[in-house]
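Please consider the model shown below.

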Amino acid sequence: MTARQRILQKLRERRGGPLKAPAADLAIVSERDWQPEEKLALFTQMIESVQGEVHRVDRTHWCDELASLLAQRHIQQLLIPRQHTVGQQIRDAADQAYSAWPRLRHYDQTIEQWQPELFHEVDAAITSTRGAIAETGSLILWPTQDEPRLASLVPPLHIAVLEADQVYATFHEAITTQQWANGMPTNALLISGPSKTADIEQTLAYGVHGPKALLVLILESSAPDASYKDNIQ
Amino acid sequence: MKTETAQTPVKIYPPKPDKVYFYGTCLIDLFYPDAGMAGIQLLEREGIEVIFPEGQTCCGQPAYSSGYHDQARSVAASQLNLFPEAWPIVVPSGSCGGMMRQHYPDLFADTPQSSQANAIAARTWELTDFLLHVCHIQLKDLGEPTTVAMHTSCSARREMGVAEVGPQLLSQLANVTLVEQARAAECCGFGGTFAIRHPEISAAMVSDKADSLVDTGATRFVTTDCGCLMNIHGHAEQSHKPIQGEHILSFLWQRTGEAHS
Amino acid sequence: MTTDTAVRDFHPRAHAALNNPQIRANFRKAMDGLMSKRQQAFEGWALDTLREQGAKARLRALAKLPELLEQLETQLTANGIQVHWAESPDEACRIIREICEARGAKSVIKGKSMVSEEMHLNAYLEAHGIEALESDLGEYIVQMAEETPSHIIMPAIHKNTGEISELMHHKTGTQRSQDVEYLTASARQQLREKFMRADVGLSGVNFAVAETGTLCLVENEGNGRMTTTVPPCHIAVTGIEKVVEKLEDITPLLALLPRSATGQHITTYVNMISGPRQPEERDGPEAVHLVLLDNGRSDIYQDDELLDTLRCIRCGACMNHCPVYTRVGGHTYGTTYPGPIGKILMPHLIGLDEGRHLPSASSLCGACGEVCPVKIPIPKLLVRLRREAVDGDQLHPSQMSGHGVKRQRFEVMIWQSWAWLNQHPRLYRLATRITTRLRKLQPHRLGAWTRYRTAPRLAPKTLHEQMSERQRGKPLAEVKR
């Protein structure tokens with residue numbers, strides 16, 4: 001018999017007899033009665049409490065806001081998605097801009113082909129999100145070919161773009177609304193703040209392995225703009 | 001068949017009875033009979049007749065906690081018949097009360113005494129809890145102004161769920177100022193045979209506990225349990241720390257006793 | 001290095017720790033902070049209900065454990081993750097070595113994994129010529145110091161900044177500094193180079209979801225994500241009990257774990273891995289393996305009462321709230337898992353004979369059970385283990401390996417005499433009465449008790465005596481002191 005068979009057989013022939021599975025009642029982690037503005041406010045409060053930085057911006061000129069944030073931080077190289085609207089709009093903005101933008105980089109090759117550059121040269125990356133969770137101040141990311149896993153991890157600054165109406169109350173609401181159980185991506189992430197540690201005498205330090213800073217740009221519409229949203233879905 | 005996770009038990013207090021059984025506990029019997037007598041007199045002052053079963057010895061807890069369940073069961077079994085009527089059983093100790101209320105059902109599971117043990121468990125009450133929530137006692141303070149600290153035993157706090165009771169009773173005493181120790185919920189290090197098997201660790205715990213009590217500025221502390229009392233008081237005495245302890249029942253009776261009895 | 005074999009030396013280690021002011025201060029400060037943060041994190045929650053649902057999610061998984069393990073294997077395999085089964089730590093180590101050797105891997109970078117500590121994997125790999133480097137900052141520090149973790153969540157909690165600075169200076173040449181930011185940045189730099197070159201990344205698992213074939217890892221540092229993303233091969237190791245049925249089941253557990261552990265509402269990263277890099281993807285490991293380790297868990301599974309041990313989600317709250325752990329620190333236990341959970345888990349992993357001191361090293365204060373996010377009745381299980389250690393219940397014969405190890409004729413005799421006396425009320429009353437009459441002869445020294453305390457003083461008359469005098473109409477005994 002293999003180890004697998006022996007383990008399973010031992011579990012099946014349990015001395016205490018079969019066990020009955022208690023039913024789930026997940027109301028405690030799912031039922032919240034929050035209005036959209038409350039969710040936004042809570043999300044902001046929670047992520048700021050762990051050193052996230054939130055900027056609520058109008059979608060019509062969010063790239064201007066981004067440009068000034070990048071300039072303040074003296075960002076030299078910004079990793080952007082090639083396909084996603086976020087990347088397209090940044091490229092458009094950079095093309096038309098009078099002021100200087102960082103060098104825009106794309107994750108066009110496999111990591112093996114440009115690992116030293118990603119690790120040593122790219123100092124910021126911007127990614128889209130699949131929404132956020134108000135209760136814990138978490139961003140939801142499903143890395144893709146266009147926005148690979150390491151984009152949100154390796155550069156010292158991660159900028160995440162969040163649609164204002166994509167804030168879920170709870171993790172439970174997010175996974176049920178988006179029907180995660182029907183098909184998980186190879187990697188799904190919740191990100192709540194920049195990388196941190198308290199392993200040295202309980203003292204918080206940021207940027208231990210991942211980004212030292214996390215910026216969240218929440219895109220809001222003063223007037224509805226359908227085109228961007230169609231693209232994001 | 002195992003089906004559920006353990007539920008936190010809900011306490012449903014009985015109406016105030018005419019009579020109660022008083023289960024004195026072995027430590028009170030030998031070392032602190034004053035505390036037992038104070039408890040009895042407090043009950044009687046509330047108009048309750050106190051029955052003191054003569055056959056009582058020990059609840060069985062020391063052997064139970066040490067793993068000697070055969071011996072614990074035989075001693076506990078000898079106690080089960082002491083309470084034939086349906087009156088509440090009151091215990092001036094969270095530890096012994098906890099044994100009877102929380103552990104008798106497990107100890108007697110699958111034995112002929114199981115239902116008897118369960119019934120006894122259900123009507124066992126920690127005495128201060130009983131005074132406050134069943135007797136609705138109103139204390140009239142006759143003593144001089146004083147300051148005390150309180151240590152609620154871990155079993156009173158966690159097994160009997162009476163952490164709030166002592167402070168509430170003390171707050172009824174007009175001339176008594178209750179001061180709270182740091183880390184009030186932390187164990188004093190008694191733990192029965194733990195103090196003997198792991199004397200150094202127990203000593204470190206009781207030393208910290210006595211220091212927290214001293215740091216409150218009080219020179220006296222009261223407690224729900226004689227184990228904690230002999231541990232903390234004994235340590236403070238041996239190491240000349242300026243704090244003395246007594247059982248909360250002795251203290252309550254002293255403060256309110258003379259005028260009413 | 002292997003320390004489980006030295007579990008028996010609990011007392012000398014406790015003595016050393018208790019007399020080390022640095023250790024005492026480091027743990028006290030850390031535990032105080034963790035306790036208050038946890039309390040704040042649960043403000044506004046119906047905590048008992050949440051814990052109940054956490055416990056049920058775990059019990060639901062355990063109730064269907066063999067089926068869920070099979071479902072997990074099927075889903076993971078379909079997702080491209082290879083599943084391996086190991087009954088013993090040695091077998092798990094061998095599996096991992098073989099994966100490494102098949103790839104020609106010479107270096108393994110590790111995310112935090114208590115199961116790999118349980119396996120003593122680092123020592124094993126090093127002995128086979130494979131470098132194993134810890135990347136969690138705390139584990140990295142502990143590895144540098146050639147120690148083992150003293151806490152399951154905060155491995156280097158026994159050290160203060162000065163000690164860590166000194167260590168890093170000697171081992172890595174980092175400049176001495178009290179600046180935690182500087183030390184952290186230095187570690188980041190050193191470890192990034194290692195991540196880029198490592199052949200294999202090895203991690204633990206917090207929850208393995210059977211429904212979707214997903215491995216969930218929670219962490220703050222990002223080293224877990226680096227470990228599972230940068231090297232070309234990712235090996236995850238976990239105990240067989242870590243499976244949950246549905247993705248939804250992790251929601252109460254995720255609400256409980258970080259709040260219980262460190263008082264955080266959520267960790268910085270929740271990393272859910274459901275497959276290796278797909279052909280169109282540009283990063284992620286090309287191969288992902290899961291090693292499922294039994295190591296005594298299927299023994300625990302047999303028993304209705306002990307089973308509760310397997311609900312554990314490794315948050316460490318029981319340690320943070322344990323007055324014994326706070327005093328003696330994690331290393332005193334000499335076990336992979338220290339503190340209350342270690343006391344009820346380790347005896348199954350190493351045998352009750354080896355872990356004989358563990359169940360007794362508790363005052364049964366109940367703080368651990370009170371805070372456990374999945375309601376493991378730890379004090380009750382400690383009593384159960386004490387019973388097994390002395391074969392104390394003929395109605396419920398002992399079940400564990402090494403049971404009866406502490407049963408000694410003399411001690412049994414004492415308890416038998418105690419029981420006999422307490423079953424004979426007349427004799428009990430006579431004996432206690434005589435004892436009080438001899439109170440003047442009471443010894444001042446009572447062994448270990450009076451080393452640190454005065455002896456309690458016998459009363460002049462027992463309560464029994466006072467009550468019987470009262471019934472016979474004698475005046476009431478003097479109540480006042």
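Predicted model: local features only at pLDDT ≥ 70, side-chain atom pairs only at ≥ 80, totals over all residues.

Residues are numbered from 1 along each chain as its sequence is written, chains are lettered from A and ligands numbered from 1 in the order in which they are written, and side-chain values use heavy atoms, with hydrogens and water left out.

Chain B contains 13 helices and eight strands; helices (H or I, at least four residues) and strands (E, at least two) are DSSP runs numbered from the N terminus. The C-alpha trace of chain B spans about 50 × 45 × 35 Å along its principal axes. Its radius of gyration, taken over C-alpha atoms, is 18 Å, which agrees with the value near 18 Å for a compact globule of 261 residues; the globule rule is 2.2 Å times the number of residues to the power 0.38. Of the 261 residues in chain B, 64% are buried, where buried means under 20% relative accessible area, exposed over 50% and partly exposed in between (1.4 Å probe, protein chains only). Among contacts in chain B (heavy atoms within 4.5 Å) between residues at least 6 apart in sequence, 80% join residues at least 24 apart.

Chain C has 22 helices and ten strands, and its C-alpha trace spans about 95 × 55 × 45 Å along the principal axes. Buried residues account for 66% of the 481 residues in chain C. Of the contacts in chain C with a separation of 6 or more, 72% involve residues 24 or more positions apart.

How are two packed helices described? The description uses the angle between their axes and the distance between the axes. Axes are lines fitted to C-alpha atoms, for helices over the stretch in contact, and angles run from 0 to 180 degrees between N-to-C directions. In chain B, the axes of helix α5 (residues 94-107) and helix α6 (residues 114-122) come within 8 Å and cross at roughly 160°. The two helices α5(B) and α6(B) are therefore roughly antiparallel; angles under 35 degrees count as roughly parallel, over 145 as roughly antiparallel, 65 to 115 as roughly perpendicular and the rest as oblique. From α5(B), B:Met100, B:Arg101, B:Tyr104 and B:Pro105 meet B:Ala117, B:Asn118, B:Ile120, B:Ala121 and B:Ala122 of α6(B). The residues of this contact comprise seven nonpolar, one polar and one charged; Ala, Val, Leu, Ile, Met, Phe, Trp, Tyr, Cys and Pro count as nonpolar, Asp, Glu, Lys and Arg as charged, and the others, Gly among them, as polar.

In chain A, the axes of helix α4 (residues 62-72) and helix α5 (residues 85-96) come within 10 Å and cross at roughly 75°, so α4(A) is roughly perpendicular to α5(A). A:Trp62, A:Cys63 and A:Leu66 in α4(A) meet A:Val86, A:Gln89, A:Ile90 and A:Ala93 in α5(A).

Beyond its neighbours within four places in sequence, A:Ser152 contacts several residues, including A:His158 and C:Arg225.

C:Asp249 lies in the loop between β8 (243-244) and α12 (250-262) of chain C and counts as buried at 3% relative accessibility. Not counting residues up to four places away in sequence, C:Asp249 touches C:Ala57, C:Arg60 and C:Val244.
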